[in-house]
Amino acid sequence: MRIDIVSIFPEYFAPLDVSLLGKARRRGLVDVTVHDLREWTHDRHRTVDDTPYGGGPGMVMKPEPWGEALDTIAPPPVTPRLVVPTPSGRPFTQALAVEYAAEPWLLFACGRYEGIDSRVVAAARERMPVDEVGIGDYVLAGGEVAVLVMVEAVSRLLPGVLGNLDSVTDDSFAPGAMETLLEGPIYTKPPVWRDRPVPEVLLSGNHGAIARWRRDQALRRTAAHRPDLVARLTGLDDHDRRVLR
Ligand code: ADE
């Protein structure tokens, strides 16, 4: 997969060299290039922002550097999927991460200040798929951290990036059996730590009982932390309903 990122703070993306993703890049599984938007300015001050038409606080990113950046990185007719992080976008979910992981090429455009002049997205939509995406109901100082979140969520889904394929399918929010259930508690050795034993069933070797226990824990945790998800659960049996009471 190819990933391009445009930002006025390329140094924000240093963590992409670390850990899982750093290793995936070195192994050639994902090809990430970070671009400085100011490369596409032409004035002495390398200006990327201006005051908003109609008034109001803050500054707006000028369209010209963005237009040139997108045309240079993705010259027509080539078409990456353009992702513009913004708190006013559609929600980023595991389902969208799975969709992105199937794309050959993603281009992320990081806005700062109050955002990018809306004509940039409007013009880009005429020649490539564009998603405006929010990672949660809070406001960050810019799109950079949102892009780090999305790139990490997407790249761990790419073939060969994670050692163990099952750890992807077991995730909270993974499509399939655990869909809309949060993962329950997990344990490793030692069997007793500070007088706290690991739940006995996990040491039993009874795989059916372990699966049932894990599902019960997942149901309880989901009810405690995300009652909105419990409301959406389908196919609950009598046992599930007892667990949830
Ligand atoms: N930029 C600022 N806040 C954001 C958010 N919550 N999601 C995506 N991009 C953002």
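**The ligand shell, the sheet and the core**

Around the ligand stand Pro85, Thr86, Pro87, Gly134, Ile135, Gly136, Tyr138, Val139, Leu140, Gly143 and Ala146, where a residue is near a molecule if its C-beta atom, placed from the backbone, lies within 6 Å of it. The model is a predicted one, in which local features need pLDDT of at least 70, side-chain atom pairs count only at pLDDT 80 or more, and totals for chains, interfaces and linings use all residues. Residue numbers start from 1 along each chain as its sequence is written.

Seven residues of this shell are nonpolar, four are polar and none is charged; Ala, Val, Leu, Ile, Met, Phe, Trp, Tyr, Cys and Pro count as nonpolar, Asp, Glu, Lys and Arg as charged, and the others, Gly among them, as polar. Strand E5 (residues 81-91) supplies the largest share of the shell, three residues. Helices (H or I, at least four residues) and strands (E, at least two) are DSSP runs, numbered from the N terminus.

Strand E5 also belongs to an open sheet of five strands, ordered E2-E1-E6-E5-E7 with parallel pairing. Strand E2 (31-36) and strand E7 (130-134) are at the edges with a single partner strand each, so one side of each has no neighbour in the sheet. From one strand to the next, the twist averages 30°, taken between axes that are lines fitted to C-alpha atoms, with angles running from 0 to 180 degrees between N-to-C directions.

Two strands pair if DSSP finds at least two bridges between them. E5 and E7 pair in the parallel sense over six bridges, and Pro85, one of the residues around the ligand, stands opposite Val133 in E7. With strand E6 (residues 105-109), E5 pairs in the parallel sense over three bridges; here Arg81 is opposite Leu106 in E6. Strand E1 (residues 2-7) runs parallel to E2, joined by six bridges, with Asp4 opposite Thr33 in E2.

The largest nonpolar core has 44 residues, and Phe108, Ala109, Val147 and Met150 have the most contacts inside it. Such a core is a set of buried Ala, Val, Leu, Ile, Met, Phe, Trp, Tyr and Cys residues joined through C-beta atoms within 7 Å, and a residue is buried if 20 or more other C-beta atoms lie within 10 Å of its own. Helix H5 (residues 144-155) gives the largest share of this core, seven residues. Leaving aside neighbours within four places in sequence, Ala109 is in contact (C-beta atoms, placed from the backbone, within 7 Å) with Val6, Trp66, Leu82, Val84 and Ile116.

Key: A residue is buried if 20 or more other C-beta atoms lie within 10 Å of its own, exposed if 12 or fewer, and partly exposed in between; C-beta atoms are placed from the backbone. Two residues are in contact if their C-beta atoms, placed from the backbone, lie within 7 Å.
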